[in-house]
Amino acid sequence: MLSARRLFAAILAIGSLAAPRASQPSTGPLEALYRAGQWFELRTLVTERDPELIRGAVAAAFNDYEGAERLLRRVIRSAPKSDAADQAYAILCRTYVSSAQYRRLVTTYREWAAAFPSSELRREQQNSFELFGGRPDQINGPTRAATARHDDDSFSVPVSINGKTDDFLLDTGAAHSVLTDREAKKFGLTVSGDTKVGTGASGDTYRFRTAVAKEVTLGSMTFRNVSFAVITPGGAFADVEAGIIGLPIILAIGGINWSHSGTAEFGGTLPASSGEPNLVFDRSRLVVRAEVLGKRVLASFDTGANSTELNANFADQFPDAVAGGKKGSAELNGIGGTQTFASVELPELIFTIGSRPVPVRPAVITMQRNGTAGGECCIANAGNDLLKHGQGFVLNLSAMTLQLR
């Protein structure tokens, strides 16, 4: 059963939302950074005197959703037919998906469609409206400190649904929580008959339905109306009982203090980090800034992936390193199937996260730019192999820092 759970975690990816980019030519350095998605650089430069759209986008990128909503709504009210309003709607819809405010997503998307019927940004996000529409808003209870036990070799913790408990994977790469069909039945959840299509880790598609749990408990925290994507039975997951806790709940608990000695702390005061933020949201994915081969790079941060996968963006940025690698082919697995890509293998690659260097051995570069695995913004999909060194890690989503201990 454990190997089946690992398989489920390793190949699952939930389709992402495209991040808005300005459609007009740059009018200054801030707008150029905004159009390029240079969030860390923007964060250090933006002031109260700068455009509310850019300030709202930066707030959303660094998980200040309340501040982002206030600024972006002001953009829409002040110039409801402007290009800035079009972009503000796009950012708002992304934040509502990440925080599982699905009714607000529907209301905002319909308002957006009425104001901008021909918007390319809106058409790009129509799939998300169709995937998440009809779900209730997730209701988060009070944040309370708690400690849970976990297995040494997994990133799973005990989760209770309607009074029954099982170990679920904490997956920062999942836009929402997920169950296999057998797991949903074990918890007695009612699965809707409306089948929808998602995108898997290899770029393939898969089918799922939706179940809503009235109550989910993690540690001392309780969440109501939690939506789960239930994978349509069949294939590799026909007999698997497994579940994933995705970003909406992980964001609500605020962070994790993970110890490799077997404990995970949630909801309390996290150890302070002396560094600047090294996490950001881009294209609705959580992204970590690291250093590789003397350069600062971005990698999507995916605790649901067992291994770190580099992509064609790495090959573009580090052609000399790739030229010396071993050429071949590698498979990327997804819920709907497997795809094979040309690849290059390096014996080792060092990622420095914060001040801590961690090795990837071997480092495999697949020549693809799959958006669900960070190919739109990043040089890699950083898996949990990077987290298994040292004593543990602290993921602080209030400070937007990842600290390896």
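Trainee: What makes Asp-181 and Lys-185 a salt bridge?

Mentor: The distance does. This is a predicted model, and in it the closest N and O atoms of Asp-181 and Lys-185 are 3.1 Å apart. The cut-off is 4 Å between a side-chain nitrogen of Lys or Arg and a carboxyl oxygen of Asp or Glu. The pair therefore qualifies as a salt bridge.

Trainee: Where do Asp-181 and Lys-185 lie, and how many residues apart are they?

Mentor: Both are in helix α10, residues 181–186. They are four residues apart, so about one helical turn separates them.

Trainee: Why is Asp-181 called buried?

Mentor: Its relative accessibility is 7%. Buried means under 20%, so Asp-181 counts as buried.

Trainee: What does the pair Glu-52 and Arg-74 tie together?

Mentor: Glu-52 lies in helix α4 (residues 52–61) and Arg-74 in helix α5 (residues 65–78). The pair therefore ties together parts that are 22 residues apart in sequence.

Trainee: Why is Glu-52 called partly exposed?

Mentor: Its relative accessible area is 22%.

Trainee: What is the distance between the closest N and O atoms of Glu-111 and Arg-73?

Mentor: It is 3.6 Å, and the two form a salt bridge. Glu-111 lies in helix α7 (residues 102–115) and Arg-73 in helix α5, so this pair ties together parts 38 residues apart in sequence. Glu-111 has 33% relative accessibility and counts as partly exposed.

Trainee: Now Phe-168. Why is Phe-168 called buried?

Mentor: Its relative accessible area is 0%. The limit is under 20%, so Phe-168 is buried. Phe-168 sits in strand β4, residues 164–170.

Trainee: What is Phe-168 in contact with, leaving aside neighbours within four places in sequence?

Mentor: Its contacts include Phe-155, Leu-179, Phe-187, Phe-228 and Ile-245. Glu-183 is also one of them; Glu-183 belongs to the salt-bridge network as well.

Trainee: How do you know that the radius of gyration of the protein chain agrees with a compact globule?

Mentor: A compact globule of 405 residues would have a value near 22 Å. The protein chain has 20 Å, which agrees. Its C-alpha atoms fill a box of roughly 55 × 55 × 40 Å along the principal axes.

Trainee: What share of the residues in the protein chain is buried?

Mentor: Buried residues make up 57% of the 405. The protein chain exposes about 16500 Å², and carbon and sulfur atoms supply 48% of that area.

Trainee: What share of the contacts with a separation of 6 or more joins residues 24 or more positions apart?

Mentor: It is 64% in the protein chain. The secondary structure comes to 13 helices and 23 strands.

Key. Residues numbered from 1 in each chain as written. Predicted model: local features only at pLDDT ≥ 70, side-chain atom pairs only at ≥ 80, totals over all residues. Heavy atoms only, no water. Helix = DSSP H or I, 4+ residues; strand = E, 2+ residues; numbered from the N terminus. Rg over C-alpha atoms; globule rule 2.2 N^0.38 Å. Buried < 20%, exposed > 50% of the residue type's maximum accessible area, 1.4 Å probe, protein only. Contact = heavy atoms within 4.5 Å. Areas by Shrake-Rupley, 256 points an atom, 1.4 Å probe, with all protein chains shown as cover.
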